[in-house]
Amino acid sequence: MDKNPSNYSAVDNSDNPSHWIELMLDFPAIAPEVNRIRQQLLDWLVPAVDGSDSHMTILDAGCGPGVTTQAIADRVDDNIEIIGADLSQSMVDYASAHSTHHNVRYHKACLKDLPYSDGSIDVIRVERCLHHVPGVSQAFKEFQRVLKPGGRLVINEPDVRYICMHPLQPAVNVRYAAAYDAPIANGAVGAYLPEYLNANGFDLLEHQPHLLMMKSAHAIDRCFNALEVFRDLCKKDQNPANLSKVEDAIDGNSFYLTIPCYSVMGEKHA
Ligand SMILES: C[S@@+](CC[C@H](N)C(=O)[O-])C[C@H]1O[C@@H](n2cnc3c(N)ncnc32)[C@H](O)[C@@H]1O
């Protein structure tokens, strides 16, 4: 099966869309920092809607199987409208079938062409989606368009240029990271979130780093194709020593992989 991580931009066209859905469901167990990131994004977005009498709408943009959309619904009043939007019909179908809240609905939509009117959304939340979107600036323009003045945008994205396998030497990791990043539309977007906010009419209110750490080699390979990319690189280099180093670490339970991620909270200019 094709496990290329860039295929999150075309889940429906893959030979097994359920593979990608299952990976999303398992991801917090593979990379536990994801739970802290989700908590942080919730802590940032909830105060923007809490206790308001007026009609409010939250958009979970690139919602995948809807786990985070449901988590928002668990935290806010049930008179708040919550929308999950994703490019993949398979993700939207799964999320709709598992929805447990009357105020949540899901739409198939591209972040670069959102089917919502100008100034109609109060809060947008995005997690690990923008790095799969080619021409990502257009998504920020759409966030700016659909948010109300003063509306809130919370995002977490990785910078895969610094994916790192321990115990490899830095020079090998730099080349490995470049090979891993190559097929991903915007692997570095996490590092540039403040610039995107600034260029699209947002004030940056919060900016926090996170480090995803993954220890299960099996889960990493299943999830990201990360070891396969590395095996290919070692083959190309005709350098089996680096591969043995990683395999020995896996056998000795000392292997781990890290990816830096960044969270931002922005506010659209009034
Ligand atoms: C890595 S998953 C993350 C899903 C979800 N945010 C989560 O944390 O569980 C990336 C998601 O982005 C969606 N996606 C990719 N390109 C998109 C686009 N242009 N517009 C909307 N969604 C997109 C994929 O279908 C996939 O569900």
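**Close-up views of a predicted model**

**View 1. The surroundings of I163.** Not counting residues up to four places away in sequence, I163 touches A177, Y180, L257 and I259, where two residues are in contact if their C-beta atoms, placed from the backbone, lie within 7 Å. This is a predicted model, in which local features need pLDDT of at least 70 and side-chain atom pairs count only at pLDDT 80 or more, while totals for chains, interfaces and linings use all residues. Residues are numbered from 1 along each chain as its sequence is written. I163 sits in the loop between β5 (147-158) and β6 (164-166); helices (H or I, at least four residues) and strands (E, at least two) are DSSP runs, numbered from the N terminus. I163 has 24 other C-beta atoms within 10 Å and is therefore buried, a term that applies at 20 or more such atoms, with exposed meaning 12 or fewer and partly exposed in between, C-beta atoms being placed from the backbone. The C-alpha atoms of I163 and A188 are separated by 11 Å, although these residues are 25 apart along the chain.

**View 2. The largest nonpolar core.** A nonpolar core is a set of buried Ala, Val, Leu, Ile, Met, Phe, Trp, Tyr and Cys residues joined through C-beta atoms within 7 Å. The largest one holds 77 residues, of which I58, I124, I220 and A226 touch the most other members. Strand β8 (residues 256-268) gives the largest share of this core, six residues. Leaving aside neighbours within four places in sequence, I124 is in contact with L59, A61, F143, L147 and L153.

**View 3. The packing of helices α2 and α3.** Helix α2 (residues 33-49) packs against helix α3 (residues 67-75) at an angle of about 45°, and their axes are 11 Å apart; axes are lines fitted to C-alpha atoms, for helices over the stretch in contact, and angles run from 0 to 180 degrees between N-to-C directions. The contact is made by R38, L42 and V46 of α2 together with T68, A71, I72 and R75 of α3.

**View 4. Two residues with positive phi.** Most residues other than glycine have a negative phi. R128, although not a glycine, has a positive phi of about 45°, and is found in the loop between β4 (121-127) and α5 (137-146). R128 is buried, because 20 other C-beta atoms lie within 10 Å. N253, also a residue other than glycine, has a positive phi near 60° and lies in the loop between α10 (240-251) and β8. With 9 C-beta neighbours inside 10 Å, N253 counts as exposed.
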